[in-house]
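Please look over the model shown here and work through the questions on how its parts meet.

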Number of protein chains: 2
Amino acid sequence: MKSEIPETGVPITQPAAGNGSDRQEASLHGEVLLRLRDYVVEGNIPEGARVPERQLCEMLGISRTPLREALKVLAAEGLIELLPNRGARVRQLSQRDLEELFDVMAGLESLAGRLACELITDEEIAAIERLHYEMYGHYLHRDMHGYFQINQQIHESIVAAARNETLKTTYVNFAGRIRRVRYSANFARKRQRWGEAMREHEAILDALRRRAASELSDTLFQHLRNKRSAAIDHLAEGQNAGLETTPQGD
Amino acid sequence: MKSEIPETGVPITQPAAGNGSDRQEASLHGEVLLRLRDYVVEGNIPEGARVPERQLCEMLGISRTPLREALKVLAAEGLIELLPNRGARVRQLSQRDLEELFDVMAGLESLAGRLACELITDEEIAAIERLHYEMYGHYLHRDMHGYFQINQQIHESIVAAARNETLKTTYVNFAGRIRRVRYSANFARKRQRWGEAMREHEAILDALRRRAASELSDTLFQHLRNKRSAAIDHLAEGQNAGLETTPQGD
DNA sequence: AATACAAAAAATGAATGCAAAATAGGTTCT
DNA sequence: AGAACCTATTTTGCATTCATTTTTTGTATT
(Lines give C-alpha, C1' and ligand atoms only; values in the text may rest on other atoms or scores of the structure.)
Protein backbone atom coordinates (compact mmCIF):
# COMPACT_ATOMS: atom_id res chain seq x y z
CA MET A 1 0.00 0.00 0.00
CA LYS A 2 1.71 3.10 -1.18
CA SER A 3 -0.33 5.95 0.26
CA GLU A 4 -3.61 5.11 -1.31
CA ILE A 5 -6.76 6.32 0.37
CA PRO A 6 -8.74 3.64 2.17
CA GLU A 7 -12.20 2.98 0.80
CA THR A 8 -14.69 3.84 3.48
CA GLY A 9 -17.00 5.49 1.04
CA VAL A 10 -20.71 5.41 1.31
CA PRO A 11 -22.10 6.87 -1.91
CA ILE A 12 -24.40 9.83 -1.64
CA THR A 13 -27.57 8.02 -2.53
CA GLN A 14 -30.09 10.38 -0.99
CA PRO A 15 -28.71 13.91 -1.08
CA ALA A 16 -31.09 15.41 1.48
CA ALA A 17 -32.68 12.40 3.08
CA GLY A 18 -32.34 11.40 6.69
CA ASN A 19 -28.72 10.35 6.78
CA GLY A 20 -28.13 10.48 10.50
CA SER A 21 -26.52 13.87 10.33
CA ASP A 22 -28.81 16.79 11.04
CA ARG A 23 -27.41 19.10 8.41
CA GLN A 24 -29.18 19.19 5.09
CA GLU A 25 -27.79 20.52 1.87
CA ALA A 26 -29.81 20.72 -1.27
CA SER A 27 -27.01 20.76 -3.81
CA LEU A 28 -24.76 17.88 -4.58
CA HIS A 29 -21.79 20.19 -4.41
CA GLY A 30 -22.66 21.22 -0.88
CA GLU A 31 -23.17 17.68 0.25
CA VAL A 32 -19.87 16.61 -1.26
CA LEU A 33 -18.14 19.54 0.38
CA LEU A 34 -19.42 18.61 3.82
CA ARG A 35 -18.66 14.94 3.39
CA LEU A 36 -15.22 15.49 1.99
CA ARG A 37 -14.30 18.08 4.60
CA ASP A 38 -15.20 15.71 7.41
CA TYR A 39 -13.42 12.93 5.63
CA VAL A 40 -10.23 14.94 5.49
CA VAL A 41 -10.56 16.46 8.96
CA GLU A 42 -11.04 13.05 10.48
CA GLY A 43 -7.73 12.05 9.04
CA ASN A 44 -8.93 9.36 6.65
CA ILE A 45 -6.41 10.37 4.06
CA PRO A 46 -2.72 10.16 4.93
CA GLU A 47 -0.83 13.44 4.88
CA GLY A 48 0.55 14.35 1.52
CA ALA A 49 -1.17 11.41 -0.10
CA ARG A 50 -2.20 11.90 -3.67
CA VAL A 51 -5.94 11.76 -4.09
CA PRO A 52 -7.08 10.75 -7.56
CA GLU A 53 -10.30 12.50 -8.48
CA ARG A 54 -11.63 9.37 -10.07
CA GLN A 55 -11.36 7.40 -6.88
CA LEU A 56 -13.13 10.06 -4.84
CA CYS A 57 -15.86 10.25 -7.45
CA GLU A 58 -16.48 6.54 -7.20
CA MET A 59 -16.38 6.71 -3.45
CA LEU A 60 -18.99 9.43 -3.37
CA GLY A 61 -20.90 8.23 -6.37
CA ILE A 62 -20.78 11.48 -8.29
CA SER A 63 -19.16 12.96 -11.36
CA ARG A 64 -16.02 15.02 -11.36
CA THR A 65 -17.59 18.44 -11.68
CA PRO A 66 -19.05 18.86 -8.19
CA LEU A 67 -16.08 17.05 -6.72
CA ARG A 68 -13.63 19.45 -8.27
CA GLU A 69 -15.64 22.40 -7.01
CA ALA A 70 -15.48 20.98 -3.50
CA LEU A 71 -11.75 20.41 -3.82
CA LYS A 72 -11.19 24.03 -4.78
CA VAL A 73 -13.07 25.15 -1.69
CA LEU A 74 -11.19 22.81 0.60
CA ALA A 75 -7.97 24.15 -0.85
CA ALA A 76 -9.11 27.68 -0.10
CA GLU A 77 -9.84 26.57 3.45
CA GLY A 78 -6.31 25.30 3.76
CA LEU A 79 -7.12 21.64 4.31
CA ILE A 80 -5.70 20.37 1.05
CA GLU A 81 -3.44 21.78 -1.61
CA LEU A 82 -3.91 21.66 -5.35
CA LEU A 83 -0.83 21.22 -7.47
CA PRO A 84 -1.34 22.32 -11.06
CA ASN A 85 -1.89 19.30 -13.28
CA ARG A 86 -0.86 17.03 -10.45
CA GLY A 87 -3.97 16.73 -8.39
CA ALA A 88 -4.99 17.32 -4.83
CA ARG A 89 -3.15 16.17 -1.80
CA VAL A 90 -3.81 16.55 1.87
CA ARG A 91 -1.92 19.53 3.10
CA GLN A 92 1.14 18.60 5.06
CA LEU A 93 1.48 20.82 8.08
CA SER A 94 4.99 21.53 9.19
CA GLN A 95 5.75 22.13 12.83
CA ARG A 96 5.94 25.80 12.02
CA ASP A 97 2.49 25.69 10.41
CA LEU A 98 1.11 24.14 13.56
CA GLU A 99 2.70 26.75 15.75
CA GLU A 100 1.15 29.43 13.58
CA LEU A 101 -2.23 27.76 13.70
CA PHE A 102 -2.15 27.47 17.46
CA ASP A 103 -1.20 31.10 17.81
CA VAL A 104 -4.05 32.21 15.59
CA MET A 105 -6.42 30.04 17.58
CA ALA A 106 -5.06 31.60 20.73
CA GLY A 107 -5.66 35.03 19.26
CA LEU A 108 -9.21 34.16 18.28
CA GLU A 109 -10.07 32.78 21.71
CA SER A 110 -8.41 35.70 23.34
CA LEU A 111 -10.60 37.97 21.24
CA ALA A 112 -13.64 35.89 22.06
CA GLY A 113 -12.98 36.33 25.77
CA ARG A 114 -12.55 40.06 25.38
CA LEU A 115 -15.81 40.39 23.48
CA ALA A 116 -17.64 38.00 25.76
CA CYS A 117 -17.00 40.31 28.70
CA GLU A 118 -19.16 42.96 27.07
CA LEU A 119 -22.44 41.10 26.88
CA ILE A 120 -22.20 37.79 28.65
CA THR A 121 -25.06 37.11 31.07
CA ASP A 122 -24.83 35.77 34.59
CA GLU A 123 -26.64 32.66 33.40
CA GLU A 124 -24.04 31.99 30.74
CA ILE A 125 -21.28 32.40 33.27
CA ALA A 126 -23.10 30.07 35.61
CA ALA A 127 -23.34 27.49 32.84
CA ILE A 128 -19.61 27.76 32.22
CA GLU A 129 -18.99 27.40 35.93
CA ARG A 130 -21.02 24.20 35.97
CA LEU A 131 -18.95 22.89 33.09
CA HIS A 132 -15.84 23.87 34.97
CA TYR A 133 -16.80 21.86 38.03
CA GLU A 134 -17.84 18.94 35.89
CA MET A 135 -14.44 19.09 34.28
CA TYR A 136 -12.85 19.25 37.68
CA GLY A 137 -14.59 15.99 38.49
CA HIS A 138 -13.08 14.35 35.43
CA TYR A 139 -9.73 15.75 36.47
CA LEU A 140 -10.03 14.18 39.92
CA HIS A 141 -11.01 10.86 38.39
CA ARG A 142 -8.18 11.09 35.91
CA ASP A 143 -10.74 10.75 33.11
CA MET A 144 -8.86 12.31 30.28
CA HIS A 145 -11.50 11.76 27.64
CA GLY A 146 -14.25 13.35 29.72
CA TYR A 147 -11.97 16.16 30.73
CA PHE A 148 -11.01 16.88 27.17
CA GLN A 149 -14.59 16.94 26.00
CA ILE A 150 -15.79 19.37 28.66
CA ASN A 151 -12.72 21.47 28.13
CA GLN A 152 -13.69 21.88 24.51
CA GLN A 153 -17.24 22.80 25.52
CA ILE A 154 -15.94 25.53 27.78
CA HIS A 155 -13.89 27.09 25.05
CA GLU A 156 -16.81 26.85 22.66
CA SER A 157 -19.06 28.51 25.23
CA ILE A 158 -16.69 31.44 25.47
CA VAL A 159 -16.64 31.79 21.70
CA ALA A 160 -20.42 31.61 21.65
CA ALA A 161 -20.64 34.28 24.35
CA ALA A 162 -18.68 36.63 22.12
CA ARG A 163 -21.83 36.91 20.00
CA ASN A 164 -19.91 37.19 16.78
CA GLU A 165 -20.84 34.73 14.06
CA THR A 166 -17.94 35.77 11.86
CA LEU A 167 -15.53 35.01 14.65
CA LYS A 168 -17.22 31.71 15.38
CA THR A 169 -17.05 30.59 11.76
CA THR A 170 -13.38 31.45 11.55
CA TYR A 171 -12.74 29.70 14.82
CA VAL A 172 -14.43 26.53 13.62
CA ASN A 173 -12.42 26.59 10.42
CA PHE A 174 -9.09 26.77 12.21
CA ALA A 175 -10.21 24.23 14.77
CA GLY A 176 -10.83 21.84 11.88
CA ARG A 177 -7.34 22.25 10.51
CA ILE A 178 -5.85 21.44 13.87
CA ARG A 179 -8.28 18.65 14.53
CA ARG A 180 -7.03 16.86 11.45
CA VAL A 181 -3.60 16.70 12.98
CA ARG A 182 -5.01 15.78 16.35
CA TYR A 183 -6.89 12.86 14.83
CA SER A 184 -3.88 11.72 12.91
CA ALA A 185 -1.36 12.01 15.68
CA ASN A 186 -3.78 11.18 18.48
CA PHE A 187 -1.92 13.40 20.86
CA ALA A 188 -3.34 14.08 24.25
CA ARG A 189 -2.43 16.58 26.87
CA LYS A 190 0.50 15.63 28.96
CA ARG A 191 -0.50 14.47 32.41
CA GLN A 192 1.78 16.98 34.06
CA ARG A 193 0.03 19.84 32.28
CA TRP A 194 -3.27 18.92 33.87
CA GLY A 195 -2.95 20.67 37.18
CA GLU A 196 -1.53 23.73 35.51
CA ALA A 197 -4.37 23.81 32.99
CA MET A 198 -6.93 23.53 35.77
CA ARG A 199 -5.44 26.51 37.56
CA GLU A 200 -5.45 28.50 34.34
CA HIS A 201 -9.08 27.65 33.82
CA GLU A 202 -9.85 28.96 37.26
CA ALA A 203 -8.11 32.21 36.42
CA ILE A 204 -10.12 32.40 33.22
CA LEU A 205 -13.38 31.93 35.08
CA ASP A 206 -12.36 34.50 37.62
CA ALA A 207 -11.61 37.13 35.01
CA LEU A 208 -14.84 36.29 33.25
CA ARG A 209 -16.88 36.74 36.41
CA ARG A 210 -15.38 40.17 36.87
CA ARG A 211 -15.83 40.95 33.18
CA ALA A 212 -12.16 41.95 33.13
CA ALA A 213 -11.77 42.03 29.36
CA SER A 214 -8.07 42.76 29.03
CA GLU A 215 -7.13 40.38 31.78
CA LEU A 216 -9.27 37.60 30.34
CA SER A 217 -7.77 38.22 26.93
CA ASP A 218 -4.28 37.82 28.37
CA THR A 219 -5.14 34.78 30.44
CA LEU A 220 -6.79 33.00 27.54
CA PHE A 221 -3.91 33.73 25.22
CA GLN A 222 -1.39 32.44 27.71
CA HIS A 223 -3.48 29.35 28.39
CA LEU A 224 -3.60 28.52 24.70
CA ARG A 225 0.07 29.26 24.33
CA ASN A 226 0.86 26.70 26.99
CA LYS A 227 -1.39 24.21 25.26
CA ARG A 228 0.49 24.90 22.09
CA SER A 229 3.81 24.05 23.65
CA ALA A 230 2.50 20.78 25.02
CA ALA A 231 0.95 19.79 21.72
CA ILE A 232 3.94 20.70 19.61
CA ASP A 233 6.29 18.89 21.93
CA HIS A 234 4.15 15.81 21.86
CA LEU A 235 3.87 15.92 18.10
CA ALA A 236 7.58 16.31 17.66
CA GLU A 237 8.18 13.23 19.79
CA GLY A 238 5.60 11.30 17.81
CA GLN A 239 7.15 12.26 14.51
CA ASN A 240 10.57 11.26 15.67
CA ALA A 241 9.27 7.92 16.86
CA GLY A 242 7.55 7.22 13.53
CA LEU A 243 4.14 7.16 15.11
CA GLU A 244 1.47 5.39 13.10
CA THR A 245 -1.77 7.17 12.37
CA THR A 246 -4.85 6.23 14.31
CA PRO A 247 -7.85 7.59 12.44
CA GLN A 248 -10.50 6.65 14.97
CA GLY A 249 -8.58 7.75 18.00
CA ASP A 250 -9.76 10.50 20.27
CA MET B 1 -30.40 50.33 -14.60
CA LYS B 2 -31.65 47.61 -12.37
CA SER B 3 -28.53 46.34 -10.65
CA GLU B 4 -26.77 44.93 -13.65
CA ILE B 5 -23.03 44.59 -13.54
CA PRO B 6 -21.16 47.14 -15.62
CA GLU B 7 -19.07 45.72 -18.43
CA THR B 8 -15.48 46.57 -17.70
CA GLY B 9 -14.28 43.19 -18.73
CA VAL B 10 -11.00 42.55 -20.40
CA PRO B 11 -10.99 38.92 -21.53
CA ILE B 12 -8.24 36.69 -20.30
CA THR B 13 -6.40 36.43 -23.55
CA GLN B 14 -2.95 35.60 -22.25
CA PRO B 15 -3.31 33.66 -19.00
CA ALA B 16 0.25 34.07 -17.83
CA ALA B 17 1.62 36.78 -20.07
CA GLY B 18 2.81 40.15 -18.89
CA ASN B 19 -0.45 41.72 -17.89
CA GLY B 20 0.81 44.49 -15.69
CA SER B 21 0.22 42.57 -12.52
CA ASP B 22 3.17 40.70 -11.13
CA ARG B 23 1.27 37.64 -10.01
CA GLN B 24 1.23 34.71 -12.36
CA GLU B 25 -1.13 31.83 -12.24
CA ALA B 26 -0.82 28.85 -14.51
CA SER B 27 -4.37 27.61 -14.39
CA LEU B 28 -7.33 29.36 -15.86
CA HIS B 29 -9.23 28.77 -12.68
CA GLY B 30 -6.60 30.54 -10.62
CA GLU B 31 -6.47 33.48 -12.97
CA VAL B 32 -10.24 33.79 -12.94
CA LEU B 33 -10.25 33.60 -9.16
CA LEU B 34 -7.77 36.44 -8.81
CA ARG B 35 -9.47 38.60 -11.38
CA LEU B 36 -12.92 38.02 -10.02
CA ARG B 37 -11.88 38.55 -6.42
CA ASP B 38 -10.36 41.91 -7.26
CA TYR B 39 -13.36 42.75 -9.35
CA VAL B 40 -15.68 42.14 -6.43
CA VAL B 41 -13.43 43.67 -3.78
CA GLU B 42 -13.10 46.84 -5.80
CA GLY B 43 -16.83 47.19 -5.70
CA ASN B 44 -17.52 46.82 -9.41
CA ILE B 45 -20.65 44.87 -8.72
CA PRO B 46 -23.43 46.53 -6.71
CA GLU B 47 -24.32 44.89 -3.42
CA GLY B 48 -26.86 42.15 -3.71
CA ALA B 49 -26.79 42.35 -7.48
CA ARG B 50 -27.41 39.16 -9.30
CA VAL B 51 -24.42 38.02 -11.28
CA PRO B 52 -25.37 35.90 -14.28
CA GLU B 53 -22.71 33.31 -14.95
CA ARG B 54 -23.08 33.76 -18.68
CA GLN B 55 -22.24 37.42 -18.52
CA LEU B 56 -19.14 36.84 -16.42
CA CYS B 57 -18.07 34.09 -18.78
CA GLU B 58 -18.27 36.45 -21.72
CA MET B 59 -16.54 39.16 -19.77
CA LEU B 60 -13.64 36.88 -18.93
CA GLY B 61 -13.74 34.92 -22.14
CA ILE B 62 -13.98 31.50 -20.55
CA SER B 63 -16.46 28.69 -20.13
CA ARG B 64 -18.63 28.17 -17.12
CA THR B 65 -16.64 25.41 -15.47
CA PRO B 66 -13.66 27.40 -14.19
CA LEU B 67 -15.91 30.34 -13.44
CA ARG B 68 -18.17 28.28 -11.25
CA GLU B 69 -15.17 26.90 -9.41
CA ALA B 70 -14.00 30.42 -8.71
CA LEU B 71 -17.47 31.43 -7.52
CA LYS B 72 -17.54 28.58 -5.05
CA VAL B 73 -14.23 29.72 -3.61
CA LEU B 74 -15.32 33.34 -3.38
CA ALA B 75 -18.42 32.19 -1.58
CA ALA B 76 -16.27 30.27 0.87
CA GLU B 77 -14.27 33.43 1.40
CA GLY B 78 -17.43 35.29 2.26
CA LEU B 79 -17.35 37.78 -0.59
CA ILE B 80 -20.37 36.49 -2.42
CA GLU B 81 -23.20 34.17 -1.60
CA LEU B 82 -24.58 31.36 -3.69
CA LEU B 83 -28.30 30.80 -3.56
CA PRO B 84 -29.30 27.33 -4.68
CA ASN B 85 -30.53 27.43 -8.26
CA ARG B 86 -30.65 31.20 -8.10
CA GLY B 87 -27.13 32.19 -8.82
CA ALA B 88 -24.43 34.20 -7.15
CA ARG B 89 -24.84 37.61 -5.70
CA VAL B 90 -22.46 39.95 -3.98
CA ARG B 91 -22.82 39.43 -0.31
CA GLN B 92 -24.78 42.17 1.33
CA LEU B 93 -23.21 43.10 4.61
CA SER B 94 -25.56 44.27 7.27
CA GLN B 95 -24.39 46.79 9.81
CA ARG B 96 -24.08 43.92 12.26
CA ASP B 97 -21.89 42.01 9.79
CA LEU B 98 -19.63 45.01 9.54
CA GLU B 99 -19.37 45.37 13.27
CA GLU B 100 -18.42 41.72 13.49
CA LEU B 101 -15.86 42.06 10.75
CA PHE B 102 -14.26 45.08 12.38
CA ASP B 103 -14.08 43.27 15.69
CA VAL B 104 -12.41 40.27 14.14
CA MET B 105 -9.96 42.56 12.38
CA ALA B 106 -9.30 44.24 15.70
CA GLY B 107 -8.67 40.87 17.26
CA LEU B 108 -6.28 39.86 14.49
CA GLU B 109 -4.29 43.07 14.72
CA SER B 110 -4.28 42.85 18.45
CA LEU B 111 -2.85 39.36 18.12
CA ALA B 112 -0.35 40.57 15.56
CA GLY B 113 0.89 43.20 17.97
CA ARG B 114 1.21 40.70 20.76
CA LEU B 115 3.21 38.32 18.60
CA ALA B 116 5.26 41.08 17.07
CA CYS B 117 6.62 41.99 20.49
CA GLU B 118 8.32 38.63 20.70
CA LEU B 119 10.62 38.89 17.71
CA ILE B 120 10.45 42.34 16.20
CA THR B 121 13.85 43.91 15.54
CA ASP B 122 14.96 47.44 16.32
CA GLU B 123 15.23 48.04 12.59
CA GLU B 124 11.62 47.07 12.02
CA ILE B 125 10.53 49.36 14.80
CA ALA B 126 12.60 52.15 13.34
CA ALA B 127 10.94 51.62 9.98
CA ILE B 128 7.52 51.85 11.59
CA GLU B 129 8.60 55.00 13.39
CA ARG B 130 9.61 56.54 10.08
CA LEU B 131 6.21 55.67 8.68
CA HIS B 132 4.64 57.20 11.74
CA TYR B 133 6.39 60.53 11.27
CA GLU B 134 5.61 60.50 7.58
CA MET B 135 2.01 59.99 8.50
CA TYR B 136 2.23 62.81 10.97
CA GLY B 137 3.32 65.04 8.12
CA HIS B 138 0.25 64.11 6.14
CA TYR B 139 -1.82 64.79 9.22
CA LEU B 140 -0.37 68.29 9.57
CA HIS B 141 -1.01 69.00 5.89
CA ARG B 142 -4.52 67.64 6.19
CA ASP B 143 -3.67 65.18 3.42
CA MET B 144 -6.21 62.51 4.12
CA HIS B 145 -5.29 60.27 1.22
CA GLY B 146 -1.61 60.19 2.12
CA TYR B 147 -2.43 59.72 5.76
CA PHE B 148 -4.72 56.85 5.04
CA GLN B 149 -2.18 55.11 2.87
CA ILE B 150 0.64 55.30 5.40
CA ASN B 151 -1.74 54.31 8.13
CA GLN B 152 -2.46 51.11 6.26
CA GLN B 153 1.25 50.49 5.78
CA ILE B 154 1.83 50.78 9.50
CA HIS B 155 -0.83 48.24 10.30
CA GLU B 156 0.51 45.92 7.64
CA SER B 157 4.00 46.29 9.07
CA ILE B 158 2.78 45.18 12.46
CA VAL B 159 1.08 42.16 10.95
CA ALA B 160 4.25 41.35 9.05
CA ALA B 161 6.31 41.66 12.22
CA ALA B 162 4.16 38.99 13.82
CA ARG B 163 5.95 36.48 11.57
CA ASN B 164 2.89 34.36 11.11
CA GLU B 165 1.86 33.64 7.54
CA THR B 166 -1.39 32.04 8.60
CA LEU B 167 -2.35 35.15 10.48
CA LYS B 168 -1.35 37.36 7.60
CA THR B 169 -3.41 35.40 5.09
CA THR B 170 -6.44 35.57 7.33
CA TYR B 171 -5.89 39.25 7.89
CA VAL B 172 -5.72 39.95 4.17
CA ASN B 173 -8.90 38.00 3.59
CA PHE B 174 -10.88 40.00 6.12
CA ALA B 175 -9.33 43.24 4.96
CA GLY B 176 -10.67 42.43 1.50
CA ARG B 177 -14.19 41.94 2.75
CA ILE B 178 -14.12 45.30 4.46
CA ARG B 179 -12.38 46.99 1.59
CA ARG B 180 -15.26 46.14 -0.67
CA VAL B 181 -17.55 48.14 1.54
CA ARG B 182 -15.02 50.92 1.84
CA TYR B 183 -14.79 51.20 -1.92
CA SER B 184 -18.51 51.17 -2.32
CA ALA B 185 -19.37 53.61 0.40
CA ASN B 186 -16.21 55.66 0.03
CA PHE B 187 -16.19 56.45 3.68
CA ALA B 188 -13.27 58.28 5.14
CA ARG B 189 -12.25 58.82 8.68
CA LYS B 190 -14.00 61.64 10.34
CA ARG B 191 -11.84 64.72 10.67
CA GLN B 192 -12.45 64.89 14.39
CA ARG B 193 -11.15 61.37 14.81
CA TRP B 194 -7.80 62.37 13.35
CA GLY B 195 -6.17 63.84 16.39
CA GLU B 196 -7.42 61.00 18.51
CA ALA B 197 -6.11 58.43 16.05
CA MET B 198 -2.70 60.07 16.00
CA ARG B 199 -2.47 59.89 19.78
CA GLU B 200 -3.48 56.26 19.69
CA HIS B 201 -0.80 55.56 17.15
CA GLU B 202 1.75 57.13 19.43
CA ALA B 203 0.64 54.89 22.24
CA ILE B 204 0.94 51.90 19.92
CA LEU B 205 4.47 52.84 18.96
CA ASP B 206 5.36 53.39 22.56
CA ALA B 207 4.14 49.96 23.63
CA LEU B 208 5.90 48.41 20.67
CA ARG B 209 9.22 50.02 21.58
CA ARG B 210 8.95 48.58 25.06
CA ARG B 211 7.79 45.22 23.67
CA ALA B 212 4.88 45.42 26.07
CA ALA B 213 2.83 42.64 24.52
CA SER B 214 -0.32 42.78 26.61
CA GLU B 215 -0.42 46.55 26.57
CA LEU B 216 0.10 46.70 22.82
CA SER B 217 -2.60 44.12 22.34
CA ASP B 218 -5.02 46.26 24.33
CA THR B 219 -4.04 49.49 22.67
CA LEU B 220 -4.38 48.05 19.19
CA PHE B 221 -7.73 46.54 19.95
CA GLN B 222 -9.05 49.79 21.35
CA HIS B 223 -7.68 51.74 18.41
CA LEU B 224 -9.47 49.46 15.95
CA ARG B 225 -12.60 49.58 18.03
CA ASN B 226 -12.65 53.34 17.76
CA LYS B 227 -12.09 53.07 14.03
CA ARG B 228 -15.02 50.73 13.90
CA SER B 229 -17.33 53.20 15.56
CA ALA B 230 -16.32 55.96 13.18
CA ALA B 231 -16.75 53.76 10.14
CA ILE B 232 -20.06 52.32 11.19
CA ASP B 233 -21.43 55.72 12.06
CA HIS B 234 -20.35 57.12 8.73
CA LEU B 235 -21.80 54.18 6.89
CA ALA B 236 -25.11 54.45 8.69
CA GLU B 237 -25.34 58.13 7.71
CA GLY B 238 -24.52 57.30 4.12
CA GLN B 239 -27.12 54.59 3.97
CA ASN B 240 -29.77 56.86 5.38
CA ALA B 241 -28.92 59.56 2.90
CA GLY B 242 -29.06 57.14 -0.04
CA LEU B 243 -25.43 57.64 -0.88
CA GLU B 244 -24.47 56.57 -4.37
CA THR B 245 -21.63 54.16 -4.89
CA THR B 246 -18.30 55.45 -6.03
CA PRO B 247 -16.32 52.49 -7.32
CA GLN B 248 -13.15 54.38 -8.08
CA GLY B 249 -13.04 56.29 -4.85
CA ASP B 250 -10.01 56.26 -2.58
C1' DA C 1 -57.62 46.11 -15.41
C1' DA C 2 -55.89 42.86 -12.30
C1' DT C 3 -55.10 38.24 -11.00
C1' DA C 4 -54.22 33.45 -11.97
C1' DC C 5 -52.59 30.14 -14.79
C1' DA C 6 -49.66 28.17 -18.48
C1' DA C 7 -46.10 27.93 -21.80
C1' DA C 8 -41.58 29.60 -23.32
C1' DA C 9 -37.11 31.20 -22.38
C1' DA C 10 -33.25 31.47 -19.62
C1' DA C 11 -30.27 30.12 -15.96
C1' DT C 12 -28.42 26.76 -12.95
C1' DG C 13 -26.49 22.01 -11.48
C1' DA C 14 -24.28 18.16 -12.91
C1' DA C 15 -22.44 14.66 -16.40
C1' DT C 16 -19.91 13.81 -20.35
C1' DG C 17 -16.38 14.60 -23.88
C1' DC C 18 -11.95 16.12 -25.48
C1' DA C 19 -7.23 18.00 -25.61
C1' DA C 20 -3.07 18.63 -22.98
C1' DA C 21 -0.13 17.30 -19.39
C1' DA C 22 1.84 13.92 -16.37
C1' DT C 23 2.90 9.28 -14.98
C1' DA C 24 4.06 4.56 -16.01
C1' DG C 25 6.05 1.10 -18.73
C1' DG C 26 8.97 -0.69 -21.95
C1' DT C 27 12.86 -0.39 -25.17
C1' DT C 28 17.31 0.97 -26.74
C1' DC C 29 21.85 2.39 -26.11
C1' DT C 30 26.08 2.79 -23.58
C1' DA D 1 23.08 -3.42 -15.39
C1' DG D 2 21.86 1.27 -15.48
C1' DA D 3 20.60 5.51 -17.71
C1' DA D 4 18.18 7.81 -21.35
C1' DC D 5 14.56 7.95 -24.42
C1' DC D 6 10.28 6.98 -26.46
C1' DT D 7 5.47 5.24 -26.31
C1' DA D 8 1.08 4.05 -23.94
C1' DT D 9 -1.92 4.87 -20.26
C1' DT D 10 -3.76 7.63 -16.87
C1' DT D 11 -5.07 12.01 -15.00
C1' DT D 12 -6.06 16.62 -15.10
C1' DG D 13 -8.22 21.15 -17.01
C1' DC D 14 -11.63 22.97 -19.50
C1' DA D 15 -15.51 23.05 -22.85
C1' DT D 16 -19.72 21.26 -24.06
C1' DT D 17 -24.05 18.98 -23.44
C1' DC D 18 -28.16 17.59 -20.91
C1' DA D 19 -31.69 17.71 -17.40
C1' DT D 20 -34.04 20.72 -13.82
C1' DT D 21 -35.35 24.61 -11.87
C1' DT D 22 -36.39 29.31 -12.04
C1' DT D 23 -37.85 33.39 -14.32
C1' DT D 24 -40.19 35.61 -17.81
C1' DT D 25 -43.72 36.17 -21.10
C1' DG D 26 -48.19 35.52 -22.83
C1' DT D 27 -53.00 34.22 -22.37
C1' DA D 28 -57.30 33.49 -20.32
C1' DT D 29 -60.52 34.41 -16.68
C1' DT D 30 -63.03 37.15 -13.34
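A residue is taken as near a strand if its C-beta atom, placed from the backbone, lies within 6 Å of it. The model is predicted.

Q: Which element gives the largest share of the surface near DNA strand D?
A: In all, 18 residues surround DNA strand D, and the closest are Glu53(A), Gly87(A), Leu28(B), Ser63(B) and Thr65(B). Two or more residues come from each of α2 (53–60) and α3 of chain A, and likewise from α1 (28–41) and α3 (64–77) of chain B. The largest share, three residues, is that of α3(B).

Q: Which element gives the most to the side of chain A that touches chain B?
A: Between the chains, 29 residues of chain A are in contact with 29 residues of chain B. On the chain A side, at least two residues each are supplied by α3 (64–77), α4 (95–119), α7 (165–185) and α9 (213–240). The element that gives the most, with 10 residues, is α4(A).

Q: What kind of axis relates the two copies?
A: Chain A is superposed on chain B, with an RMSD of 0.1 Å, by a rotation of 180° with 0.0 Å of shift along its axis. The two copies are thus related as by a two-fold rotation axis.

Q: Why do the copies meet through the same surface?
A: The contact joins 29 residues of chain A to 29 residues of chain B. The copies meet through the same surface because the interface residues of chain A are also interface residues in chain B, to the extent of 100%.

Key
Residues are numbered from 1 along each chain as its sequence is written. Chains are lettered from A and ligands numbered from 1 in the order in which they are written. This is a predicted model: local features need pLDDT of at least 70, side-chain atom pairs count only at pLDDT 80 or more; totals for chains, interfaces and linings use all residues. Copies are superposed by least squares on the C-alpha atoms of residues with pLDDT of at least 70 in both. Two residues are in contact if their C-beta atoms, placed from the backbone, lie within 7 Å. Helices (H or I, at least four residues) and strands (E, at least two) are DSSP runs, numbered from the N terminus.
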